Amino acid sequence: MSQAEKVLSGSLRTLREALDRKELTASELVEASLARMDRGKDLAAVVTRNDEKALRAAEEASRRIAAGKPRSVLDGIPVVLKHNIVEQGELATCSSRILENFVSPYDATVVERLRAAGAVFVGRANMDEFAMGSSTESSIYGPAHNPWDPTRSCGGSSGGSAAAVAAGFAPIALGSDTGGSIRQPASFCGVVGFKPSYGRISRWGLIAFASSLDQIGPFARTVSDCAAAFELMAGHDARDSTSLPEPAPKVCERLDGEVAGMTIGLPKEYFVEQGVSPGVLARVREAIAVLDKAGAKIVPVSLPHTTHTIATYYLVATAEASSNLARYDGVRYGRRAKDPVDLEDLYRRSRSEGFGAEVKRRILLGTYVLSAGYYDAYYGKAQRVRTLIRRDFELAFAQCDVILTPTAPETAFRLGEKSGDPLAMYLSDVYTVSANLAGLPALSLPCGLSDGLPVGLQLLGKPFDEASILRVGDAFERATPHHRLVPPGAAS
Amino acid sequence: MAAVPRANVPRMSRIGHAEVARVAALARLALSEAEIDGMAHDLEQILAHVASLDALDTRDVPPTLHGFDLPTPLRPDRPAPPLDPELAVANAPARQGTAFLVPKVLEEEG
């Protein structure tokens with residue numbers, strides 16, 4: 001392994017120092033990232049690249065840094081993008097046949113902002129088709145593999161982004177989280193994954209799945225790296241009408257390692273023995289003890305509608321998805337069926353050839369729950385229960401600053417283990433979907449291993465209070481070595 | 001708006017082959033008979049799970065429509081450069097100039 005590759009495994013801070021002290025150039029760093037991706041090709045984590053463009057951007061960054069004028073903490077830093085975040089002139093396929101050849105005519109706001117900050121986009125990550133999945137198996141590129149154990153899933157839907165950071169391809173990757181699609185893969189791959197509050201980061205240029213739930217967020221090896229990337233991406237964007245009209249919050253300056261005086265709530269419904277693996281529960285309880293010792297006050301809270309979150313989520317998400325995916329009609333972009341006899345035939349065959357089984361399943365469910373006669377019984381009902389779930393959190397947050405839970409009920413499952421059983425796959429999102437339904441910021445960070453596989457700890461915050469969960473997460477990292485654990489293959 | 005006899009709607013409905021075929025037509029999906037059977041089986045299971053929501057009394061609960069409450073934002077009505085038309089049609093499967101080509105929609109008179 002080259003010196004540059006060794007540096008690449010470090011945190012953003014160590015990378016920044018190495019670049020600014022001229023120990024290596026941004027070009028060498030990006031070349032190291034490309035070399036690592038070459039060697040780790042079999043993971044199918046990063047599935048498309050434009051090396052020439054990345055190297056050109058790296059050269060420009062090298063010149064800025066040599067002149068002593070880096071644009072930001074991310075100048076010259078390799079960043080991986082999920083395949084549903086668009087960049088002008090690059091493929092954005094959503095891992096779907098229907099967008100297999102789609103080249104974006106414009107930049108997502110996050111791409112624009114990170115490029116302005118000097119970040120170098122080194123590759124695009126594998127994902128579940130249209131972000132519908134929890135395992136990164138339903139993809140035209142084939143399943144992505146977990147760097148900790150290639151026979152296991154890296155989680156999903158942003159599994160490729162999580163695996164890319166875990167395997168040391170790049171210190172930052174972007175994902176999207178509609179029901180846990182950043183946090184669950186972060187948990188499975190032993191990295192930090194951060195879903196900001198709904199409305200914090202512009203969704204302009206994020207290919208829509210469920211518009212009232214979707215949120216872009218970063219993966220990194222440390223909480224402070226996530227915070228740094230978040231600050232550069234967040235803040236109002238007039239092109240997203242659901243964007244919070246406020247500038248990006250200054251979260252980095254709040255990471256002082258202190259948790260004394262903070263109150264952390266443990267929802268009793270999340271700590272039931274059945275449904276969560278003993279290994280996961282043990283690591284999470286150890287994490288609670290660490291925070292207790294550091295001076296946080298630990299209190300029990302209750303989220304009584306927890307058992308209804310999966311049902312509510314899959315009604316709301318599929319309804320919105322069926323509406324969003326109606327745009328794929330074979331007319332303006334995307335796959336078009338050959339020799340259609342008429343317009344109707346063009347629509348039906350283009351969509352049927354282009355979408356995979358899970359996407360069709362969710363379009364059907366969403367269309368069904370929105371159809372005449374069923375709307376109130378299903379979609380309307382779910383929207384009302386969504387209010388009850390939100391109120392649960394309002395009451396719980398009256399008693400605490402941050403809520404702590406496991407991120408996922410188990411460690412990384414085997415590839416193929418759940419792919420034949422859609423309901424079992426949906427139920428694996430049990431701890432993550434409520435943050436999306438309630439619009440809360442949520443963070444997953446490593447809290448140790450169980451049988452050699454990473455376990456994730458989840459922190460949930462009040463709406464728009466990203467600072468508190470990042471602060472607790474950062475303090476936990478300072479007190480523990482878990483974030484320094486790397487997969488067996490990535491160390492060599 | 002057309003009146004829908006809501007009182008007669010079954011709270012928890014079973015979804016069979018014919019219902020899946022109806023929904024597939026609405027969603028503009030062409031499914032084989034085997035695909036319809038498979039989907040009917042999966043949707044049946046999922047709908048059985050979501051039926052648990054029926055246990056909750058939500059008569060006086062307002063719906064949550066979005067991630068947070070925000071009024072529709074307004075911005076000044078100022079002209080801005082549009083997407084280059086060439087770029088806008090660059091992904092078109094069939095085009096003529098800057099127009100999208102589709103099969104004929106209107107029948108010829110005859």
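Me: How many bridges join strand β7 to β9 in chain A, and do the two run parallel or antiparallel?

Reply: The model is a predicted one. Within it, strand β7 of chain A covers residues 263-267, and one of its residues, A:Gly265, has A:Ile403 of β9(A) as its bridge partner. The two strands run parallel, and the number of bridges that join them is 2.

Me: In which sense do β9(A) and strand β11 of chain A pair?

Reply: Strand β11 of chain A spans residues 453-461 and pairs with β9(A) over 5 bridges. Among the residues involved, A:Pro406 has A:Leu457 in β11(A) as its bridge partner. The sense of this pairing is antiparallel.

Me: How many residues of strand β9 of chain A are buried?

Reply: Strand β9 of chain A takes in residues 402-406 and is mostly covered, in a chain where buried residues make up 64% of the 492 residues. For the strand itself, the count of buried residues is 5 of 5.

Me: Which helix gives the most to the side of chain B that touches chain A?

Reply: The contact takes 49 residues from chain B and 58 residues from chain A. On the chain B side, α1 (17-26), α2 (33-50) and α3 (85-88) each supply at least two residues. With 7 residues, the helix that gives the most is α2(B).

Technical notes
Residues are numbered from 1 along each chain as its sequence is written. Chains are lettered from A and ligands numbered from 1 in the order in which they are written. This is a predicted model: local features need pLDDT of at least 70, side-chain atom pairs count only at pLDDT 80 or more; totals for chains, interfaces and linings use all residues. A residue is buried if 20 or more other C-beta atoms lie within 10 Å of its own, exposed if 12 or fewer, and partly exposed in between; C-beta atoms are placed from the backbone. Helices (H or I, at least four residues) and strands (E, at least two) are DSSP runs, numbered from the N terminus. Two strands pair if DSSP finds at least two bridges between them. Two residues are in contact if their C-beta atoms, placed from the backbone, lie within 7 Å.
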